[in-house]
Amino acid sequence: MKNSPYLLSVTLATLAVLSAPVMAKGKLNVLCSTDTDWCSLMETTFEKETGIKVSLIRKSSGESYAQLRAEAKNPKIDIWWGGTGDPHLQAAAEELTQVYKPKALSELRDWAQNQAKVSGYRTVGIYAGALGFGYNEKLLSAKGLAAPKCWKDLADPKYKGEVQVANPNSSGTSYTALATFVQMMGEDQAFDFLSKLHKNINQYTKSGSAPIKAAANGETAIGITFIHDIVKQVKKGYPVKAVAPCEGTGYEVGSMSIVKGARHLKEAKMWADFALRPDIQTMAAQAKAFQVPSNKSATTPEGAPDFSKIKLIDYDFAKYGSAATRKHLLQRWDADIKSLPR
Amino acid sequence: MRHSFIPWLLLGWVGFLLLPWYLLEDGFWSFIWVTDGYASDMDYAPAILQGLVGERTWLLPLIFPLLIPLRLLSLTKSDPRYSRYLIIAGACGLSYLLVQGFAIGVSGWQFMGLTSLFGELELQQYGMGYGAALCGLSFLVLLTTGLAASGFLKGDVFVTSSIGLVIALVGLFVFFPVSQILLSAFISPDDLFTPMLFVEKLSSNNIWSLSCLNSGYACGIAWNSLALAISTAVLTTLLGLAFALVITRTGFRWKKSLRLLTVLPIITPPFVIGLALILLFGRSGVITTFVADLLNIEPGRWLYGFPGVLFAQVLSFTPISFLVLIGVVEGVSPSMEEASQTLRANRWKTFINISLPLMRPGLANAFLLSFIESLADFGNPMVLGGDFEVLSTEIFFAIVGAQNDQSYAAVLAILLLAFTLSAFFIQRRWLGKKSYITVTGKADSGTYMGLNPGMRRLCYSTVIPWAALTVVIYGMIMFGGFVKSWGYDNSFTLQHYSAAFAMSWGDVGIIWEGAAWDSLWTTLTISAIAAPFTALVGLLTAYLLVRQQFKYKEVFEFGTMLSFAIPGTVIGISYILAFNVPPFELTGTGIILIICFVFRNMPVGVRGGIAAMSQLDKSLDEASLTLGANSLTTFRRVILPLLRPAIIAALVYSFVRAITSVSAVIFLVSADHNMATSYIIGLVENGEFGIAIAYCSVLILVMLTAIICINLLVGQRRLRRTPSNTPSPRKTSFSSSTLKENQA
């Protein structure tokens with residue numbers, strides 16, 4: 001009597017690959033919104049160092065935010081690491097994430113500290129990436145076109161049907177671009193520029209980094225996206241070149257937030273401190289991530305955009321991350337730009 | 001045993017007295033509770049101890065509905081108290097179980113009114129576990145047994161219980177979650193009920209604009225979706241028919257390979273066909289560059305948008321319509337055609353007047369399925385859509401995109417649902433109440449007539465180029481895993497495979513080093529568990545629908561088909577909303593994935609079963625019943641063996657769909673249960689096409705192997721004595737048996 005259920009349980013447990021692992025002393029559920037390579041590098045390094053069992057899942061920042069919202073009443077995730085800053089700020093505004101001031105806060109660059117301040121210390125910057133565009137050298141020279149250097153070049157009719165950018169409704173990258181234009185030029189002029197640019201756009205993609213992949217594969221000549229994504233394609237050997245626009249450009253702050261009601265809060269805080277350490281941030285280059293790390297003492301990977309040489313605008317994350325501004329700009333984009341004839 | 005309810009009652013007692021009442025934190029399949037302080041530990045305690053020792057006194061009243069049926073042990077079935085007591089016990093038990101589950105949650109009372117009525121509740125309860133599930137099942141069967149005893153459905157316990165079970169399952173896993181998300185269509189961002197907002201969003205220009213007809217502006221997404229779905233459905237139905245005719249009614253030499261080809265797209269993970277098409281027909285694609293050089297024209301981007309999506313969808317869904325049609329085309333009895341020819345009709349006339357009308361259910365089903373598949377398709381518009389927006393992708397981006405507008409997503413979902421359901425009703429009206437029975441118990445043999453020459457040429461000229469294209473595309477996919485960067489640097493490498501599937505020998509056996517192993521094992525396990533359940537629930541439902549007459553059957557059928565019409569994205573989000581909190585707390589487990597697959601793919605089993613069963617004459621059942629078998633035995637011994645092709649189809653299809661589905665899965669995967677497709681999406685998003693394609697190739701091979709195994713296990717049905725000369729389709733071969741009557 002005592003034996004048979006035990007035997008059954010052993011058999012079933014062996015059979016079922018599904019079975020959740022036996023609870024270790026420490027456990028941490030991480031939602032990761034950077035590239036897969038970087039996610040798994042962080043996971044294994046943290047596990048090796050602390051002995052805490054990490055369960056990590058990779059999702060884009062939009063999907064991650066949707067999951068946190070859906071799970072708000074009973075969160076399963078402890079910490080959300082990586083991904084563009086806007087959804088982190090939105091999560092902070094909805095109090096889906098919780099206040100934590102990491103030990104290394106004072107060692108961080110201004111934009112990373114600013115991200116924490118804006119959110120009431122519910123999130124913090126871990127890396128930054130500047131917006132720019134990349135072009136396919138082969139395609140442009142085949143068509144005898146000069147390489148574009150500035151944002152305004154992209155609206156030049158000679159590039160008709162050659163530019164790609166994501167739809168700001170679906171991509172945080174492209175929303176950053178929209179907000180950048182509005183901050184650089186003023187809203188009406190920005191939409192005027194966008195309507196001219198629209199004539200050159202061959203497709204508004206869904207994903208933010210798709211345009212540069214299309215440029216790498218020769219499907220389009222020019223793609224607007226983050227410079228670190230362009231550098232990645234360059235390093236893979238595709239004939240693309242990255243451009244930091246002459247007028248200046250906006251940027252994103254990749255962020256990290258601890259989920260409110262996390263079941264493994266202690267471990268989540270350990271991860272947060274771990275992720276901000278200079279030696280850990282320096283490791284990003286191993287995973288072919290070319291963002292600028294947020295810790296001042298971390299080494300910026302070779303090939304990453306040099307922020308001291310790029311004209312960065314004073315991006316107002318609080319205003320352009322807020323739901324009201326976002327809704328207004330996206331609705332105007334839908335009404336004034338998207339359905340325009342080409 | 002005297003009363004059929006006794007084992008079920010026993011089950012209820014076991015659930016109440018012995019098994020852990022609540023969900024275990026270690027997972028459904030973990031049995032450490034057996035040795036880890038079972039019974040006394042409140043995490044593992046059964047309901048009786050939770051109530052007596054753990055102060056969860058609200059569980060104790062559940063004992064009464066379990067006591068009532070004990071009184072019946074001494075009664076006979078004809079006693080009027082028999083049915084009354086059972087109904088009371090079942091209904092009270094079930095409703096009390098649900099009420100207490102919803103009323104008390106993680107944070108005590110779940111409704112404001114209850115707090116003010118009873119005061120703050122210190123205790124809490126988590127999701128229901130084994131014990132609660134058994135009790136629920138027991139109450140359900142007691143209720144249905146009682147109903148049957150009171151004369152329901154001619155007193156047939158098996159049929160009544162089956163209907164009850166299907167209703168309960170569909171209600172819990174389809175209606176409950178979907179109602180959660182549909183409600184949110186009427187909820188404004190600040191949690192207020194605002195029907196006006198719904199009307200405003202529904203009538204948006206973004207959805208209904210027709211300006212593409214007379215200007216350069218884009219049309220509304222509703223029209224885009226409809227145009228795409230109708231075009232896809234028409235083309236796939238015609239192509240599928242051409243394939244089916246070539247295989248059954250011509251002496252075409254490579255039939256077997258043709259069948260194999262048509263299976264391929266179905267076992268293809270999403271995104272791959274789109275990627276392959278880009279490499280062939282994109283602006284820098286192989287074929288585009290070749291043609292552009294030849295004709296000296298500028299390479300275009302025609303692939304991105306309506307034409308590309310249509311192209312990819314027709315490629316993907318033709319096999320589905322083929323699988324529906326081949327079953328029906330084969331099912332058309334040769335003797336009818338022979339009769340027609342004996343009456344001096346020529347082949348063309350026979351085809352038009354006899355064969356084609358008999359294929360109507362197949363044509364309608366093929367059209368309906370392609371139409372729905374196209375509406376719900378997510379992968380192809382995602383990769384090839386360009387600026388061409390359709391409902392399924394818009395729903396996804398309304399939720400995960402920069403807008404984060406859940407109520408807009410819900411509005412679009414309602415619209416999508418309305419389209420699908422209208423198609424469903426139109427199909428039913430078209431089929432009407434005519435008889436399409438061709439397989440009877442009577443002796444029946446003969447050979448199919450051939451096609452007339454004109455038809456044959458037409459079929460050949462569509463089927464052969466299409467098949468060739470499919471071969472090229474799959475060649476590209478297989479080849480893509482072995483080159484450095486696809487389309488750019490075509491030198492040979494094994495690095496993608498070693499990154500994903502490396503393994504080495506360690507001290508304790510094989511070490512699975514590759515990054516893809518985890519998700520691959522999870523995917524295979526979950527799909528393998530889901531497949532038999534899908535087939536079972538699907539065919540049972542089909543049996544009830546075709547063979548049993550009961551009130552509100554239409555409503556019942558509608559309910560079981562509903563989940564097919566709901567796009568995966570909506571299912572995914574609604575499952576999270578519904579099953580993240582007690583009483584049904586399932587998120588983060590592997591179970592939620594299994595359940596999602598079972599109820600999403602169940603309609604396939606249902607449709608397949610219905611189509612196959614409506615060809616089986618009812619006299620077969622009647623013969624069995626006359627000989628004294630009950631309906632359970634008839635189902636098991638007569639219907640099931642004749643349904644083997646439908647069973648194969650349901651098993652294969654649900655297994656394959658579980659592996660390849662993406663949109664619902666994205667939301668339901670968790671760290672411990674990651675699925676292959678969501679892993680692949682991550683790779684595609686990062687531009688790791690090489691590894692993604694290598695992974696897809698492996699998945700394709702795995703699915704092919706699985707299909708062959710399922711075929712060998714389940715075997716063939718034998719309908720009639722078949723002459724050995726061709727063109728008989730009933731030979732045992734991998735391709736002819738695979739999926740052959742998959743009504744998809």
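Modeller: A salt bridge here is a side-chain nitrogen of Lys or Arg within 4 Å of a carboxyl oxygen of Asp or Glu. By that rule, A:Glu187, A:Asp188, A:Arg332 and A:Asp336 are linked in a network. This is a predicted model, where local features need pLDDT of at least 70, side-chain atom pairs count only at pLDDT 80 or more, and totals for chains, interfaces and linings use all residues. Residues are numbered from 1 along each chain as its sequence is written, chains are lettered from A and ligands numbered from 1 in the order in which they are written, and side-chain values use heavy atoms, leaving out hydrogens and water.

Over all chains, the search finds 21 salt bridges. Take A:Arg122 and A:Glu95, which pair at 3.6 Å, N to O. A:Arg122 sits in the loop between α5 (110-118) and β5 (123-136) of chain A, and A:Glu95 in the loop between α4 (85-93) and β4 (97-98), so the pair ties together parts 27 residues apart in sequence. Helices (H or I, at least four residues) and strands (E, at least two) are DSSP runs, numbered from the N terminus. A:Arg122 is buried, at 17% relative accessible area. A:Glu95 is partly exposed, at 41%. Buried means under 20%, exposed over 50%, and partly exposed in between, with a 1.4 Å probe and protein chains only.

A:Asp334 and A:Lys338 form another bridge, at 3.9 Å, N to O. Both lie in helix α15 (residues 323-338) of chain A, four residues apart, about one turn of the helix.

Now chain B. B:Arg547 meets B:Asp621 at 2.7 Å, N to O. B:Arg547 belongs to helix α23 (residues 517-547) and B:Asp621 to helix α27 (residues 618-626), so this bridge ties together parts 74 residues apart in sequence. Each of the two, B:Arg547 and B:Asp621, is buried.

What surrounds the bridges? Start with the nonpolar cores. A nonpolar core is a set of buried Ala, Val, Leu, Ile, Met, Phe, Trp, Tyr and Cys residues joined through side-chain atoms within 4.5 Å. The largest has 235 residues, and B:Leu277 and B:Tyr575 have the most contacts inside it. Apart from that core lies another, of 86 residues, including A:Trp38 and A:Phe46. Contact means heavy atoms within 4.5 Å. Leaving aside residues up to four places away in sequence, B:Leu277 touches B:Gly282, B:Leu303, B:Phe311 and B:Ile473, among others.
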